[in-house]
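The entries follow in the order in which I looked things up.

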Amino acid sequence: MHRRHRRTLQLAALATGTALLATACNAAAKKDDSAAGSGGSSTSFTLVTPDAVGQNEFLKLAETGIKDAAKQHDGTQKVYESTDTASQQQNVQAAVDAKPDVIVLVGFEFADIVAQQAQKNPKQQFLIIDACTTKTYKNVSCAVFREHEGVYLAGAEAGLLSESGKVGAVDVLDTPQFRRYSDPFAAGAKKVAAKTETSTRFVGGQSPFDDSARAKEQANTLLSKGYDQVMAAAAAGNYGVFEAAKAKGAYAYGVDVNQCPSAPGTVVDNVIKRTDVAVKKGIESVLGGKTGTTVSYGLKEGGISLTGLEDGVDSSKCVIADHKDVLTKVEALRDQIVSGELTVDDPAAS
């Protein structure tokens, strides 16, 4: 199971002051890989991850991004994989000591660490993916995502595919930040099928990010009322949602990475975060002298997408691969959002 699909959800919790952080349990590891180019004068990049990369697609994309950047700039790259808070701090310090051109970090776990290091090392450039420091620093750049745009498109798929006319979502908590994964889903469904009935259930409890049983219970509540398309925004609890949907012959939607292989025939599509795009473009921006800014990646920038809209959908094990007609309509909506003709409301916007 991929654990990083809860990344954005936990970031939202941090933003609202919710102390609900899950601890990863992967083994420690470090990688030292070089791309084209060598010598002390070559451009160098270091990636620090909050967990071991392993088969984690979310982090594998970030690794791909830094490798692409190294190749593009005829430079070298190194990856430090963390396993806990202590190793995260140690890896960031090791990265700083090596003095690469850009240090890239993925996740909210690094926000405070980078803030401290940025003050101590004003000449070192940092790039944080999927998070940012509370205070702005000239040597800290950030890349965040407009997940709600992708969720809207997934909702449109649900509206077009629903036979009952009932489309729901299982979300972690009832806050504006978390509703980025449920409200746009309902809006997208109603865009293509105005009479669609929508509802959202929240996991809550002591461990909303890791409670598969509670997530499954909330999904079953929707399914028992005839909802046949369910957005799974329950972090690690998504697998509970998938189990419930599979048992009832209903359908679900995943987040961050392709979760279709975990429940073939049940997961329709996924809202994908292209961390590789954010890493590569972020590094390019820093090297170009544009630093200390926060860049938002959505459909237009290629930072957010659906598995169904990516190459390889036919082998993705996603249900949407069998509905080319639906994808054609969703592509049209995507193009409207990219052009600015259609604006997706962001529940978390102030």
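**Entry 1: charge pairs**

I began with arginine 214 and aspartate 211, whose side chains meet in a salt bridge at 4.0 Å, N to O. I take a salt bridge to be a side-chain nitrogen of Lys or Arg within 4 Å of a carboxyl oxygen of Asp or Glu. Arginine 214 counts as partly exposed because its relative accessibility is 33%; the term covers values between buried, under 20% relative accessible area, and exposed, over 50%, for a 1.4 Å probe and protein chains only.

I note here that the model is predicted, so that local features need pLDDT of at least 70 and side-chain atom pairs count only at pLDDT 80 or more, while totals for chains, interfaces and linings use all residues. Residues are numbered from 1 along each chain as its sequence is written, and side-chain values use heavy atoms, with hydrogens and water left out.

I next looked up lysine 324, which forms a salt bridge with aspartate 314, the closest N and O atoms lying 2.6 Å apart. This pair links distant parts of the chain, 10 residues apart: lysine 324 belongs to helix α10 (residues 324–339), and aspartate 314 to the loop between β13 (304–306) and α10. Helices (H or I, at least four residues) and strands (E, at least two) are DSSP runs, numbered from the N terminus. Lysine 324 is partly exposed at a relative accessible area of 41%, whereas aspartate 314 is exposed at 61%.

I then turned to glutamate 147 and lysine 273, which form a salt bridge with the closest N and O atoms 3.0 Å apart. Glutamate 147 is in helix α5 (residues 147–161) and lysine 273 in strand β11 (residues 267–273), 126 residues apart. Both glutamate 147 and lysine 273 are buried. The count of salt bridges comes to 15.

**Entry 2: helix α5 and its neighbours**

How do α5 and helix α6 (residues 183–192) pack? I found an angle of about 45 degrees, with the axes 6 Å apart; axes are lines fitted to C-alpha atoms, for helices over the stretch in contact, and angles run from 0 to 180 degrees between N-to-C directions. The two helices α5 and α6 are therefore oblique to each other, a class left over once angles under 35 degrees count as roughly parallel, over 145 as roughly antiparallel and 65 to 115 as roughly perpendicular.

Among the residues that meet are Val151 and Tyr152 in α5 and Phe185 and Val192 in α6, contact meaning heavy atoms within 4.5 Å.

α5 and α10 pack at about 150 degrees, with their axes 10 Å apart. That angle makes α5 roughly antiparallel to α10. Leu153 and Leu160 in α5 are among the residues meeting α10, where the partners include Leu333 and Ile337.

**Entry 3: proline 50 and the whole chain**

Is proline 50 buried or exposed? I recorded proline 50 as buried, because its relative accessibility is 0%. Proline 50 lies in the loop between β2 (44–49) and α2 (57–72). Its C-alpha atom is 8.3 Å from that of threonine 85, which is 35 residues apart along the chain.

For the chain as a whole I noted 10 helices and 13 strands. Buried residues make up 55% of the 350 residues.
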